[in-house]
Amino acid sequence: MDLTFNHAFDHVTRSGIRRFTEMVRSIPGSVLLTIGEPDLDTPEAVRAAAKAALDAGDTHYPPNNGRPALLEAISEFEARKNGLHYAPDEIILTIGATEGLFISLFSLLNPGDEVIIPTPAFSLYESITQLCRGTPVPLPTEEHGFQIDPAALRAAITPRTRALVLTSPNNPTGCIYSRETLQTVHDILKNLPIFVICDEVYRQLVYTEDFTSFSAFSDMRDRIIVVQSYSKPYAMTGWRLGYVMADRPVHDKMQIAHQYAVVSAPAFVQTACAEALRYDTSADRALFRRRRDYVYGRLTAMGLEVQKPDGAFYMFISVKKFGMDSLTFCTRMAKEGKVGLTPGIYFGCEGYMRLSYCYSDADLKEGLDRIEAFVKSL
Ligand code: PLP
């Protein structure tokens, strides 16, 4: 019997990063620097809040978008910490930023609508766009120091453009968009019916004072969606929690998608989510900053070309001078040098590899020693 499936799957495959990581993991004795997940534990107070909620029987359906007290806490946190002003009824607690991105794009796209994705980019945007029957439009940033080239953005916009994704700090480069870049993007988009999806899941891992969010442009508030996550700042990747913030018309569409996809985030984690917002992330930020400086120092001493990142926990390293594509280079390095980095092609940018420095100091040192030995052997 010929079974047919949704043609939206025709172009979407399993995450290349995960497949590559599994390959490296199968090599005995290899060191992995591939995954974007803090090596820390979820803070004690956050774990305790979830345990207490479970013991208190907090196991029934909560409100779809999250408990009022939590939405209030998120609203207050965003105003105090990030200067964003979203009322509790403009916020939805989601199953990670992944669901946040899904319901954002699902709410906006009709078949054939285009989403501009500055590359290199986290592969999720392209896959979700395709699952929503939209068309991803890559916007290369490599030649512009990973900032957006105004001419290229103008050229990418068509009558079908529905959204632009801005990831700052960025995965895989760790770069943040400058004030000038954002101002230019704003000036190009301000009178167009195009949404801007601000993926700011690394916002609390910024190592400069000079961070600007596109959501600061309040004149475009009706076209901005901010996507947040508990995964990275609080080492809560396995909890699968995040939130989205947006003006009511788009929020109201997203809440319908959210309701029919997941009903709500789990009940007993919601007090833990409020507790996480009270956690002081400064020591973790200092730790990642110290690792960044160490890794950057080692890579440049090896003669490798990399832009010093201002946030997140990634470095995007050029391998162009070795005359191999990124998959060949990273596969050889994994097999011969026993160290795994992610090929840039999985982020839509050839000639690079991504190093994740959210690993222990010992793993980072060992991994960098192996990169150095492999590069010397070429
Ligand atoms: N956005 C970016 C830029 C990411 O790097 C990730 C995870 O690596 C996500 C979204 C998804 O995060 P979550 O764990 O909250 O689904």
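**The ligand shell**

Tutor: By class, the shell around the ligand is made up of five nonpolar, six polar and three charged residues (nonpolar: Ala, Val, Leu, Ile, Met, Phe, Trp, Tyr, Cys and Pro; charged: Asp, Glu, Lys and Arg; polar: the others, Gly among them). The model is predicted, so local features need pLDDT of at least 70 and side-chain atom pairs count only at pLDDT 80 or more, while totals for chains, interfaces and linings use all residues. Residues are numbered from 1 along each chain as its sequence is written, and side-chain values use heavy atoms, with hydrogens and water left out.

In total, 14 residues surround the ligand, each with a heavy atom within 4 Å of it. The closest are Thr98, Asp199, Tyr202, Ser229 and Lys232. For Thr98 the distance to an oxygen atom of the ligand is 2.6 Å. A polar side-chain atom of Ser229 is likewise 2.6 Å from a ligand oxygen, and for Lys232 the value is 2.6 Å. The ligand taken alone exposes 400 Å², of which the protein buries 93% (Shrake-Rupley areas, 1.4 Å probe).

Helix α4 (residues 96–108) gives three residues to the shell, the largest share. Here helices are DSSP runs of H or I with at least four residues, and strands are runs of E with at least two, numbered from the N terminus.

Around this site, the protein chain has 12 helices and 12 strands. Its radius of gyration, 21 Å, is close to the 21 Å that the globule rule gives for 378 residues, so the chain is as compact as a globular protein of that length (radius over C-alpha atoms; rule: 2.2 Å times the number of residues to the power 0.38). Along the principal axes, the C-alpha atoms fill a box of roughly 60 × 60 × 55 Å.

The peptide bond from Ser168 to Pro169 is cis, with omega near -5°. Asn171 and Pro172 are also joined by a cis peptide bond, with omega about 25°. In the loop between β4 (135–140) and α6 (150–156) lies Phe146, which is not a glycine but has a positive phi of about 65°.

Terms used
A polar contact is a pair of N or O atoms within 3.5 Å; within protein, one must be able to donate a hydrogen and the other to accept it, and residues adjacent in sequence count only if both atoms are side-chain atoms.
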